[in-house]
Amino acid sequence: MKTVYLSLGSNIGDRQDYLNRAVNLLGESPAILIDKRSQCYQTSPVGEVEQDDFVNQVLRIATGLNPVELLKFIHSVEARLGRTREIHWGPRTIDIDILFYDKEEMNTDELIIPHKEVFHRLFVLVPLQEIMAEDFAYRSQVEQAVESLKDSQQMVEVIEAEDEPQHRIESAIRQILSAVGENPEREGLIETPTRVAKMYEEILSSQKSGPFDEYKLFKIEPSEQEQMVMVKDIDFYSMCEHHMLPFFGKVHVAYLPQEGNIIGLSKIPRLVNYVSRKLSVQENITREIAETLQEILNPKAVAVLIEARHMCVEMRGVRKSNSMTRTSFYLGEYETDESKRNEFLEGIK
C-alpha cells in the first residue's frame, strides 16, 4: 500500500456535501483506505474565470492502485458527482487531484506527480500541512512554500463543518413555519420538517446526480425506410425553480434510429424521470431530454413534446385553473424536415 495525498475542491451547489460524498465514494474502493482528512477551508478561486469561492480539503489515503489506476478511479468519482471539464479552471461540483504518490515522481501527458502546481497553491498547502505525516518526504518543501506564500493574495480560512443536508432542510422548514405564523412544535407539525426533508430527497433526487446512465442500447437490422420509435403519454412531475411549486403532465418522445441502434423502451421513461427530478423549468426539461437522448444514441432525429400544468399559475398569481403549457424541441431531421415533424405530431394525436 502506498501513501497518497489528494486535494478535493468544490464551488458549485452544496460544496461541503460534494466533498463528503466524494470521500465516501473514494472509500468504497477496496483498494483505498481513507487515513486522514483535513478541515474544510474556504479559498479564493484561481484563473481568469468569474466564479464563487471554493471549499477545499486534503486527504491522506493508503492505496494499492498504481497512479494511473487511481487517476481513472478519481475521474469516475468526479463523473458520478456531475463534474464537467468544459472550462479550464472553471467552476465545478468536485475537483480531485493527486498531489503526491508516496515518493514517486512521474511526468507524462496523462499525469504529473508531484502535482505541478502544488507548491504554488496556498489553498492546497495549508490543508496539506495540517495532515502530512512526520516522515513525509516533501515536508520541508511544503513548509517553505507556505512561508513564502503567506503574504500572497490567496485567501484561505477554516470554515465550520456543516450539518447533513437533511438536518439543514429540517432547520429551514422550522424557520419557514415560524415565519408564516405557525407553531413548529404543535402536534400536527412536529414531524413535518423531517417529512419535507425526505420528500425533497426523493423528488429532487437528480439534483446532485452525475450523467444519466440507466440505459442499455440494442442493435437491430438497419432499414432503408426510416421507422419512427415513439413513446408517448409518459407521466412526469417536477418542481419549478422560480417558486418551488410542482408542475406535471405528459411527455411524448420519438426518434429515428441510425445504423440500427435503438434504446430499450423502458429507458425513455427513466430518462424523463431523471431529468424531471430537480429544480427546473419546462423548457429546459424538454431540451435536456432531447439532447441527452441524442448524446447517448446518436439517432437521425429526436423529437420531444411536453404538455404540463403549473401550480405556480393555478395556485398563485393569475390563478388560471387547468391551463396547459406546451413546449417542444427537435433535433436532426425532425428540425429540418416538416413532413417528419408532422408525422410525430400526428402520432401524438
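A residue counts as buried when its relative accessible area is under 20%, as exposed when that area is over 50%, and as partly exposed in between (1.4 Å probe, protein chains only). By that rule Asp95 is buried, with a relative accessible area of 13%. Welcome to this predicted model, in which local features need pLDDT of at least 70, side-chain atom pairs count only at pLDDT 80 or more, and totals for chains, interfaces and linings use all residues. Residues are numbered from 1 along each chain as its sequence is written, and side-chain values use heavy atoms, with hydrogens and water left out.

**The overall picture**

- The protein has 11 helices and 15 strands; these are DSSP runs, numbered from the N terminus, with helices (H or I) of at least four residues and strands (E) of at least two.
- The C-alpha trace spans about 75 × 65 × 40 Å along its principal axes.
- Of the 349 residues in the protein, 43% are buried.
- Contact here means heavy atoms within 4.5 Å. Among contacts between residues at least 6 apart in sequence, 71% join residues at least 24 apart.

**Where H3 meets H4**

- Helix H3 (residues 122–131) packs with helix H4 (residues 139–149) at an angle of about 130°, and their axes are 10 Å apart. Axes are lines fitted to C-alpha atoms, for helices over the stretch in contact, and angles run from 0 to 180 degrees between N-to-C directions.
- Angles under 35 degrees count as roughly parallel, over 145 as roughly antiparallel, 65 to 115 as roughly perpendicular and the rest as oblique; H3 and H4 are therefore oblique to each other.
- On the H3 side, Leu122, Leu125, Leu128 and Gln129 meet Val142, Glu143, Ala145, Val146 and Leu149 of H4.
- Sorted by class, this contact of H3 with H4 has seven nonpolar, one polar and one charged residues. Nonpolar covers Ala, Val, Leu, Ile, Met, Phe, Trp, Tyr, Cys and Pro, charged covers Asp, Glu, Lys and Arg, and the others, Gly among them, are polar.

**Salt bridges**

- A salt bridge is a side-chain nitrogen of Lys or Arg within 4 Å of a carboxyl oxygen of Asp or Glu, and by this rule the count comes to 23.
- One of them joins the side chains of Glu28 and Arg80 (3.9 Å, N to O). Glu28 sits in the loop between helix H1 (15–27) and strand E2 (32–37) and Arg80 in helix H2 (residues 67–80), so the pair ties together parts 52 residues apart in sequence.
- Glu28 is exposed at 54% relative accessible area, whereas Arg80 is partly exposed at 48%.
- Arg60 pairs with Asp35 in another salt bridge, with the closest N and O atoms 2.8 Å apart. This pair links distant parts of the chain, as Arg60 lies in strand E4 (residues 54–63) and Asp35 in strand E2, 25 residues apart.
- Arg60 is buried at 13% relative accessibility, while Asp35 is partly exposed at 46%.

**A network, and Lys208 within it**

- Salt bridges link Asp14, Asp17, Glu162, Arg168 and Lys208 in a network.
- Lys208 lies in the loop between helix H6 (192–203) and strand E9 (217–219), and is partly exposed at 23% relative accessibility.
- Leaving aside neighbours within four places in sequence, Lys208 is in contact with Asp14, Asp17, Tyr18, Arg21, Arg80, Leu81 and Pro165.
- Lys208 and Thr93 are 115 residues apart in sequence and 8.8 Å apart in space, C-alpha to C-alpha.
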